[in-house]
Amino acid sequence: AENGYELWLRYQPIEDASLLDSYRQKHIALFVPVSSDTLKAAKKELQLGLRGLLNYSSQEIASWNELKEGTLIAGTPRSLPGLKDTDVYRKLDRLTEEGYLIASSHIEKKAVTIIAARTDIGVLYGVFRYLQLMQTHQSLAHLDIADSPKLKYRMLNHWDNLNGTVERGYAGYSLWNWERLPRYKDPRYTDYARANASIGINGIVLNNVNAEAKSLRTDWLVKASGLADVFRPYGIKIYLTAKFSAPKEIGGLDTANPKDERVRQWWKDKVKEIYGLIPDFGGFLVKANSEGQPGPQDYGCSHAEGANLLGEALEPYGGIVFWRAFVYQNERHVDRVVTGYNEFKPLDGQFGKNVFVQPKNGPIDFQPREPFHPLFGSMPDTPLAMEFQITQENLGHAGHLVYLGTLFEETLQSDTYANGKGTTVSKVLQNYQHTHGMSALAGVPNVGTDLNWTGHLFGQANWYAFGRLSWNPDMHATDIAAEWVKMTFSTKQEVLEPILRIMSMSREAYVNYTMPLGLNHIMNYDTHNGPEPWHNDPVWTAFDYHKVTKDSIGVDRTMQGSGATRQYHSPVFDKFDDLNTCPESYLLWFHRLPWDYKLKSGKTLWNGLVDHYYKGVEEVRQMQRLWDTLKGKIDNERFRHVATLLKYQEQEAIWWRDGCLLFFQQYSGRPIPSQYEQPAHS
Ligand code: GCU
């Protein structure tokens with residue numbers, strides 16, 4: 001049965017006879033000497049893929065003398081010394097450490113294919129790419145591919161608690177079975193590593209940013225070392241979150257003050273212990289002085305002083321600190337949107353060489369649509385990592401089909417103008433001024449113990465898209481989607497085309513039926529699923545985000561208001577600040593407007609808002625109709641799984657639409673135009 005466990009690594013038999021034949025011709029023999037666990041993993045994957053795709057076992061050869069027409073060769077100059085005499089050898093200079101080449105070549109007049117890299121991990125990445133070529137039915141003739149990752153640290157940040165639950169996880173429980181680690185290594189860990197390596201992920205933070213100090217205790221470190229052992233051959237380093245108060249909680253000290261010599265020594269000793277157990281440990285991810293977490297500000301120290309405390313301890317071992325910039329004050333009179341920038345921008349240049357500052361993609365909190373975080377382009381002397389959320393905390397959990405590739409692309413391609421036109425967020429991540437030499441992208445994954453990993457099958461596409469973008473943040477979301485659909489479902493047009501249409505419209509549909517025109521944070525206060533624009537309690541309410549009254553709606557963040565627009569470089573500042581140029585998709589994010597404000601369509605704001613909500617529901621219905629065309633064209637299991645969830649999504653979309661419109665209508669006092677079915681008062 002098709003349960004989705006294999007993800008995009010399904011390696012289904014090639015049906016087209018002539019294609020199959022042409023592929024088989026390229027694998028008459030395999031020449032892949034293995035001298036490391038990584039090369040073993042690469043060879044194993046290659047054999048698995050070839051068996052599945054071609055139902056054919058290639059002959060294995062062990063030396064250059066045995067080369068024959070149609071040999072596939074894979075390795076590095078170390079594992080394959082003869083590589084030095086081939087025409088691909090000099091091309092290796094074009095690659096970074098983790099890059100690879102895939103080239104058609106001739107050796108002694110015999111046509112061969114070579115997968116080559118400078119390092120073993122490059123070979124593994126090359127193998128995955130090579131298999132992908134066949135999975136997506138591309139020609140293997142005249143290959144000349146050279147590819148290296150554009151970002152160095154390609155991270156998943158698990159929000160897994162040590163008790164097995166996952167914060168904001170909707171696909172079951174944590175994959176890590178702490179009780180049985182390190183002795184029992186669930187085979188699933190290996191499959192997880194394979195999937196991640198196939199998209200270039202090279203770092204996994206094992207535990208929640210809302211950290212437990214316990215994770216740094218010796219017994220837990222020993223457990224973590226078991227996962228590190230599984231992941232190592234796949235080029236994946238493990239990281240842990242560090243709770244700032246750990247010296248107090250597990251270290252027996254009476255303070256965690258970064259200026260206290262005992263605290264500094266404690267972190268140094270702790271890090272030394274970690275590297276004793278996990279020699280390639282990646283480093284720490286830290287949430288400090290945010291949402292109640294302890295941090296350096298508890299001792300009158302800055303975020304930079306806190307981050308550098310850990311950075312200095314890790315530095316001798318090559319470890320890295322990811323210091324999150326997700327901070328906001330729990331004070332209603334302070335605009336939440338401006339606080340991250342205000343706290344971090346003044347610290348530019350004060351962070352140690354091995355410290356990243358890690359803002360979220362937008363300045364609020366993983367909303368369905370946010371403008372890019374203004375720290376991007378504003379801290380040229382600090383390596384900035386960006387945190388995306390792959391788990392759909394505010395995008396329908398694992399119940400809604402929402403392809404996030406388009407959201408990711410929208411942020412990455414936003415132009416910050418920090419260094420003139422074309423300084424996109426992607427370029428900022430790629431170290432646009434070459435000031436520090438570090439680059440990273442982080443994603444909070446959507447995986448768990450569910451059989452298909454992500455709950456909704458289409459959640460797999462979001463994991464896939466994130467990985468591809470962490471390798472190359474300038475890829476297009478539609479190209480990534482096409483790869484994924486071909487590998488996950490089929491290369492046939494009649495399957496590919498409707499699924500791509502569904503995916504490309506899905507995120508905008510979600511925005512339409514939940515938070516159109518720049519609305520945000522009006523979801524259920526606790527679960528973050530479903531509407532609750534009426535949430536109102538004395539501390540922090542949905543009203544702070546939409547500020548609805550009978551006259552107006554939206555938040556004035558222009559220079560007349562909270563001034564959030566000022567945090568962007570011109571001309572982005574001018575564009576957002578000026579009502580006439582502000583994109584309507586961010587309208588109520590930056591502007592507070594009367595109900596009869598005229599939109600570009602000529603309609604009033606109220607009628608435009610109604611249109612968006614109704615359109616969103618209609619788009620879900622359109623997605624259902626497109627999906628229905630696949631009946632009989634894909635396997636029934638996956639067809640029904642998605643069809644059933646789309647039905648659920650339609651109901652939820654109606655809930656959102658009616659909930660929000662009935663609520664806002666109490667203020668606007670205007671009717672739902674009669675062309676629409678009227679909301680159900682239930
Ligand atoms: C959101 C989320 C929390 C999480 C926080 C964070 O607010 O709801 O569960 O801890 O982000 O990113 O730190």
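The legends below describe close-up views of one predicted model. Residues are counted from 1 along each chain, in the order in which its sequence is written. Because the model is predicted, local features need pLDDT of at least 70 and side-chain atom pairs count only at pLDDT 80 or more, while totals for chains, interfaces and linings use all residues.

View 1. Helices (H or I, at least four residues) and strands (E, at least two) are DSSP runs, numbered from the N terminus.

**View 2. Helix α10 packs with helix α12.** The axes of α10 (residues 405–412) and α12 (residues 459–471) come within 9 Å and cross at roughly 25°. That crossing makes α10 roughly parallel to α12. Axes are lines fitted to C-alpha atoms, for helices over the stretch in contact, and angles run from 0 to 180 degrees between N-to-C directions. Angles under 35 degrees count as roughly parallel, over 145 as roughly antiparallel, 65 to 115 as roughly perpendicular and the rest as oblique. G405, F408 and L412 of α10 meet A465, F466 and L469 of α12. This contact has five nonpolar, one polar and no charged residues.

**View 3. Domain 2 touches domain 3.** The chain is divided into domain 1 (17–147), domain 2 (153–488) and domain 3 (511–555 + 592–668), with bounds from an automatic or database domain assignment. In domain 2, 16 residues are in contact with 20 residues of domain 3. Two residues are in contact if their C-beta atoms, placed from the backbone, lie within 7 Å. On the side of domain 2 that touches domain 3 there are eight polar, four nonpolar and four charged residues. The centres of domain 2 and domain 3, taken over C-alpha atoms, are separated by 29 Å.

**View 4. Loops hold cis peptide bonds and a positive phi.** The bond from L181 to P182 is cis, with omega near 0°, and P182 is found in the loop between β7 (153–157) and α4 (187–198). A cis peptide bond also joins S570 and P571, with omega about 0°; P571 is in the loop between β15 (552–553) and α16 (572–577). L517 is a residue other than glycine with a positive phi, near 55°. L517 is in the loop between α14 (493–514) and α15 (543–546).

Technical notes:
Nonpolar A, V, L, I, M, F, W, Y, C, P; charged D, E, K, R; others polar.
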